Amino acid sequence: MRRLTHLLAAALIVGALLAPAVASSATLGLVADDGFDAAGTAAWTAPTGMAALKAGAVRIDVRWPAVAPSAPANPASATSRGYQWAAIDAKVRAAAENGALVILAVGGTPDWARADGGRGGAAGDPAWNPRRASWRNFVAALATRYNGTTVADGTTLPRVAAFELWPSPNLATGLRPQRLASRLVAPGLFKQIVTTGAAEIRRVAATGGYAATIVSGGVARTDPASTADTAPQTFLRGMGRTRMAFDALGLRLAPPTGIEGPADGANLSVSDIAGAVALVDAIWPGQNRGLWITDYAAPSGPLEAGRTPDTQAAAVTTMLAAAANPRVGVAVWSGYADTAAAPYAGLRAVAPQAGAAGDAKPAWTAWIAVVDPPVS
């Protein structure tokens, strides 16, 4: 796995990545959730850890308001007073020490960096479009921090090779404004965010002699009745018109009901990944763009909502089938383990719950059956 990470950083691989003994053509990954943090390196130990899942990637969320709740004194410097990196440092170290490809998913605007100066909505809303200079400085500091930097305690932080910039940009909870005077403006704002962030990441990476992979923030499925959000197909076409540059297209297509179904209307679906590939090829003809499923999940409960451990297991199988498509480079499930904050999301249950006997969730069993089929 260490070799895979190094090759990815050096060669800028954004297409399908093949791991031995894995049925999927993609690199499989999990989100570094609370279960990952609490378990530490134990989360990697076979037969109960990520090694058993053949997982080679970890997505770590970097929420700008949490890292910089107030404006740093020198925002372009990773060592500036005001930055709070400790939580991210711990996750990056744990993932990199075990040879995983680390994907930093970066987004969210602190109040002090909002382009609208706080006039466009309530305080504490991270979806508002950021000031370009503030965003540029933050990404520069972030990329520098995880560029093999030696920190105050004398240790060296790992180098991060992949960055997902601004997740869920088609949702009003991800990026605002989506529209002005009924005109869709979010794709244009998103282009500025990705272009600005990518430039800083590439500049910093060049100083370290490597190439970073830029993933556009994954577009999310929407409620067809929503007038606030922008449907994925519509948003992707808007992205195409902006001629924005990135290395891999992010997708966050968790089914809104928790039960996977086919694409509907202007939505996309992991169960129809071939349809998503066809749409991408129509928008960016001849470019053969790689797709990264940067977040996917289906809960195993509550049971009264019609979500069961078995429907979650079926969704796991659906995602892994999509990951077998050669255009999918990475496929990430949203949680390693159920947590207090997300008691039904993970592949492992940290405590017994209805329909799951302790750690042995059907989702885990389904994953293992697909990625490491038994030898007959």
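Here are some questions and answers about a predicted model, covering its barrel, a helix pair and some salt bridges.

User: In what order do the 8 strands close into a barrel?

Analyst: Start with the pairing, which is parallel. Neighbouring strands of this sheet are turned by 25 degrees against each other on average, ignoring direction. The 8 strands close up in the order β1-β2-β3-β4-β7-β8-β9-β10.

User: Which residue in β10 is the bridge partner of T27?

Analyst: Strand β1 covers residues 27–31, and β1 pairs with β10 in the parallel sense over 4 bridges. For T27, the partner in β10 is V330.

User: What angle does the direction of α5 make with that of β3?

Analyst: Helix α5 runs through residues 132–145. This helix packs on the sheet, where it touches β2, β3 (101–107) and β4 (162–165). Against the direction of β3, the angle is about 160 degrees.

User: And how far apart are the axes of α5 and α6?

Analyst: Helix α6 spans residues 186–207, and it packs with α5 at an angle of about 35 degrees. Their crossing is right-handed. The distance between the two axes is 9 Å.

User: How many nonpolar residues does the contact of α5 with α6 have?

Analyst: On the α5 side, the contact residues include W135, V139 and A140, while those from α6 include L189, I193 and V204. By class, there are 4 polar and 4 charged residues in this contact. The nonpolar count is 8.

User: How many residues apart are R59 and D295?

Analyst: Their side chains meet in a salt bridge, at 2.7 Å from N to O. R59 sits in strand β2 (residues 57–63) and D295 in strand β9 (residues 290–296), so the pair links distant parts of the chain. Both R59 and D295 are buried.

User: Is R63 buried or exposed?

Analyst: R63 forms a salt bridge with D61, at 3.4 Å from N to O. D61 counts as buried because its relative accessibility is 18%. R63 has a relative accessibility of 52%, so it counts as exposed.

User: Where does D338 lie?

Analyst: D338 and K361 meet through their side chains in a salt bridge of 3.2 Å, N to O, and both are buried. The pair ties together parts that are 23 residues apart in sequence, because D338 and K361 both lie in the loop between β10 (328–333) and α10 (362–371).

User: Which residues do salt bridges with shared partners join into one network?

Analyst: A search of the whole structure turns up 13 salt bridges. Among them are R59 with D295 and R63 with D61. The network is made up of R59, D61, R63 and D295.

Terms used. Residues are numbered from 1 along each chain as its sequence is written. This is a predicted model: local features need pLDDT of at least 70, side-chain atom pairs count only at pLDDT 80 or more; totals for chains, interfaces and linings use all residues. Side-chain values use heavy atoms; hydrogens and water are left out. A salt bridge is a side-chain nitrogen of Lys or Arg within 4 Å of a carboxyl oxygen of Asp or Glu. Helices (H or I, at least four residues) and strands (E, at least two) are DSSP runs, numbered from the N terminus. Buried means under 20% relative accessible area, exposed over 50%, partly exposed in between (1.4 Å probe, protein chains only). Axes are lines fitted to C-alpha atoms, for helices over the stretch in contact, and angles run from 0 to 180 degrees between N-to-C directions. A crossing is left-handed if the near helix is turned anticlockwise from the far one by less than a right angle, and right-handed if clockwise. Contact means heavy atoms within 4.5 Å. Ala, Val, Leu, Ile, Met, Phe, Trp, Tyr, Cys and Pro count as nonpolar, Asp, Glu, Lys and Arg as charged, and the others, Gly among them, as polar. Two strands pair if DSSP finds at least two bridges between them.
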